[in-house]
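Dear colleague,

I am handing over the structure we spoke about, and I would be grateful if you could look through it with the notes below at hand.

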Number of protein chains: 2
Amino acid sequence: MYDPLIKNLSKFVPLSSQEAEIIESLFTFKKYRKKQYILQEGDVTRFETFIVKGVTRTYEVDDKGQEHIVQFGLEDWWVGDLYSFLTGSPTTYNIDCLEDTEVLHITKADLETLYEKVPKMERHFRIMIQNAFIASTRRLSASLARSAPERYEEFIKKYPQIEQRVANHQIASYLGITPQTLSRIRSQSQ
Amino acid sequence: MYDPLIKNLSKFVPLSSQEAEIIESLFTFKKYRKKQYILQEGDVTRFETFIVKGVTRTYEVDDKGQEHIVQFGLEDWWVGDLYSFLTGSPTTYNIDCLEDTEVLHITKADLETLYEKVPKMERHFRIMIQNAFIASTRRLSASLARSAPERYEEFIKKYPQIEQRVANHQIASYLGITPQTLSRIRSQSQ
DNA sequence: TCAAAAAGTTAATCTAGGTTAACGGATTTT
DNA sequence: AAAATCCGTTAACCTAGATTAACTTTTTGA
């Protein structure tokens, strides 16, 4: 159950079996059903989430009631609202499951304990967040400089696994376009 | 000369004077003129840059030759292309100066040395990148969910210092709109 | 297992913001 | 200090993608 997590956390720094044990003691396993919320707007994010199995979406709802998907989550990915988690302020995001999903949660206090007991985890999370930051910057560039068909093409090239597993209207929401527009793009691109 | 850097680096973790000395030995001071490039598309980013004084812009040029500003840099900010810096691949960004600018550079090897000699710097950079990631995520949400006037309003609320110091067409480029559209927004909002 | 809901597609119309162009004022450059 | 370039603004027109709507196909859950 903890294997995928240990494998993820030893991606950048080697871990001894004692360290792996400490890690296991600080995470909590939980199952969610399809459509179930992991996090809801207005909640304070009490934990960061590692996905063992399943698919999640993180989205915001704007003033006009429209949903905008900010991130998908698949096996071996981390999801959560870092801002709310770190500051204790209520989140503006919703996270729910597109399939039955199994996760490992860690609270803020336990993450601090982890950094204390296994200091090399600072390095791991620095590198991990660095990579997430780079990805976010690139997506931002794309959203400013690319047309809808270009963004769609980039998306299926970059995340073929996601394209297989989530519905088209979810991808449209991620790309910032309507399902109708995506449908037109798809019919024209072949 | 190094004072603003030491102050920046001790924001999240306390630093002794020996540690401050190590830091000073690893950074290089450099002056740039207005319009001068710090980094150009195709270069490999050899250093991360801390701004002591001045203003920079980081931008990408798309297929149609249009510039898209990804980030502004002011005093006490870090700029650079983390992806190119970390992987050694050529950058797709340009960084140039909107005013005469003074910076402190650190190379990848020296940053590794810094992490080794002052391990608490891992923590500092983890938190710093965490904050940058959060900011990038929020800007991404805004670019997907907000209209141009809303994005402009958010921008001047969040970065009044930038609004004072950079030209409007630069702000338009940052917001992903044309200078004409920004001009229309500005004339309607008062 | 079948009715209801959700998802995908296509087409007609609408609109936010882009494009082009022209002009006056402010900076730079020589 | 003249010439050249850059900036901001306004206006007329254009276009990518949104909206609305109607219909078909697929999925869901009672």
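What follows is a short account of the symmetry, the aromatic pairs and the charges over rings.

Please keep in mind that this is a predicted model. Chain A can be laid on chain B by a turn of 180 degrees with a shift of 0.0 Å along the axis, and the RMSD is then 0.0 Å; the two copies are thus related as by a two-fold rotation axis. Of the interface residues of chain A, 100% are also interface residues in chain B, so the copies meet through the same surface.

Turning to the rings, there are 18 aromatic pairs over all chains. One of them is formed by A:Phe72 and A:Phe155, a tilted pair with 6.5 Å centre to centre and 55 degrees between the planes. This pair links distant parts of chain A, given that A:Phe72 belongs to strand E5 (residues 67–73) and A:Phe155 to helix H6 (residues 148–158), 83 residues apart, and both A:Phe72 and A:Phe155 are buried.

In chain B, B:Trp78 and B:Phe125 form an edge-to-face pair, at 5.6 Å centre to centre and with 75 degrees between the planes. Here too distant parts of the chain are linked, with B:Trp78 in strand E6 (residues 78–79) and B:Phe125 in helix H5 (residues 120–145), 47 residues apart; B:Trp78 and B:Phe125 are both buried. In chain A, ring pairs join A:Phe27, A:Phe50, A:Trp78, A:Tyr115 and A:Phe125 into a cluster.

Finally, A:Arg57 lies over the face of A:Tyr59, at 4.1 Å from the ring centre, and B:Arg57 lies over the face of B:Tyr59, at 4.1 Å from the ring centre.

Technical notes:
Residues numbered from 1 in each chain as written. Chains lettered and ligands numbered in written order. Predicted model: local features only at pLDDT ≥ 70, side-chain atom pairs only at ≥ 80, totals over all residues. Heavy atoms only, no water. Least-squares fit on C-alpha atoms with pLDDT ≥ 70 in both. Contact = heavy atoms within 4.5 Å. Phe/Tyr/Trp six-rings, centres within 6.5 Å; stacked < 30°, edge-to-face > 60°. Helix = DSSP H or I, 4+ residues; strand = E, 2+ residues; numbered from the N terminus. Buried < 20%, exposed > 50% of the residue type's maximum accessible area, 1.4 Å probe, protein only. Lys NZ or Arg CZ within 6 Å of the ring centre and 35° of its normal.
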